[in-house]
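Please look through the structure below with the sequence beside it. The briefing that follows goes through its main features by topic.

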Amino acid sequence: MVEFLKIREKVWYEGIVSVLAGEQPYFTPLGFQLVNGVVKLKVYSSAKTSSLLTTYPEAVLNITDDPYLFFLSTFKEHTGGIPKDEVEFINGYPVLRKAYGYVMMKRRKFSPQGEVLLFDYNIEKIMDNPLHRGNIEPYSRCRAFLIEMIIYASKIRDVSIKEGAGDLLNRFEKSLDYSYEIVIKTCMDQAELGIANKLKEMVSGWLRK
């Protein structure tokens, strides 16, 4: 295992998973966990991502904490997705050019569990990105809570179309608002603040429907 990427066992991380769907690269954020050397993913069975992961056995975990990349790949209908100039190919795998590193994986199995599909992947190779060697920014509350905002905004988007989800929506909205307050206090970059404010605007639109 490459020392540069420290992925601990049984810790939930957030990454951006990529697959080559036909000839088109597809990117989406997912939580992942390493258990006994196997990468585990949970995906809602109704999501496009679950269909692609069941169709194509190879996938990549792009290791990044860049909120811009999480935002683009989460809200493709609003952002247009990851631009072509942000994408490269390594051994035929589509990857994010600015990621810290990559976990090349091959699907081992998948199984349904309620509303989600559980995916197990064997690790084929772990690679660091030489562009970022020795140049990782220390932990930032700004970036961590901005990614939290993106996660909760995506939950609100998905739950807002369901009947009787008021209590759940209120919990998600409170979590998003809490993260927003920290982002406003800790982020100095106008691009990061712009993402936070755009998320608030999008969420307000979904909650009014």
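**Briefing: a pocket, its helix and the paired strands**

The largest pocket holds about 1100 Å³ of space, where a pocket is an open set of points on a 1 Å grid over the protein atoms alone, each point fitting a 1.4 Å probe and having protein on both sides within 12 Å along at least five of seven lines, and where the volume is the space filled by probe spheres set on points joined across faces, edges and corners. This is a predicted model, in which local features need pLDDT of at least 70 and side-chain atom pairs count only at pLDDT 80 or more, while totals for chains, interfaces and linings use all residues. Residues are numbered from 1 along each chain as its sequence is written, and side-chain values use heavy atoms, with hydrogens and water left out.

**The pocket lining**

- The lining, meaning residues with an atom within 4 Å of a point, consists of 33 residues, and those nearest the centre of the pocket are Pro-29, Leu-30, Tyr-44, Ser-154 and Asp-158.
- Among the elements that give two or more residues to this lining are strand 2 (24-35), strand 3 (38-44) and helix 4 (141-159), helices being DSSP runs of H or I with at least four residues and strands runs of E with at least two, numbered from the N terminus.
- Helix 4 contributes the most to the lining, with eight residues.
- By residue class, the lining has 17 nonpolar, six polar and 10 charged residues, with Asp, Glu, Lys and Arg counted as charged, Ala, Val, Leu, Ile, Met, Phe, Trp, Tyr, Cys and Pro as nonpolar, and the others, Gly among them, as polar.

**Helix 4 and its contacts**

- Helix 4 has 19 residues and spans 26 Å from its first C-alpha to its last, which is close to the 27 Å expected, a figure found as 1.5 Å times one less than the number of residues.
- Arg-143 makes a salt bridge with Asp-65, with the closest N and O atoms 3.2 Å apart; such a bridge needs a side-chain nitrogen of Lys or Arg within 4 Å of a carboxyl oxygen of Asp or Glu.
- This pair links distant parts of the chain, since Arg-143 is in helix 4 and Asp-65 is in the loop between strand 4 (58-63) and helix 2, 78 residues apart.

**The paired strands**
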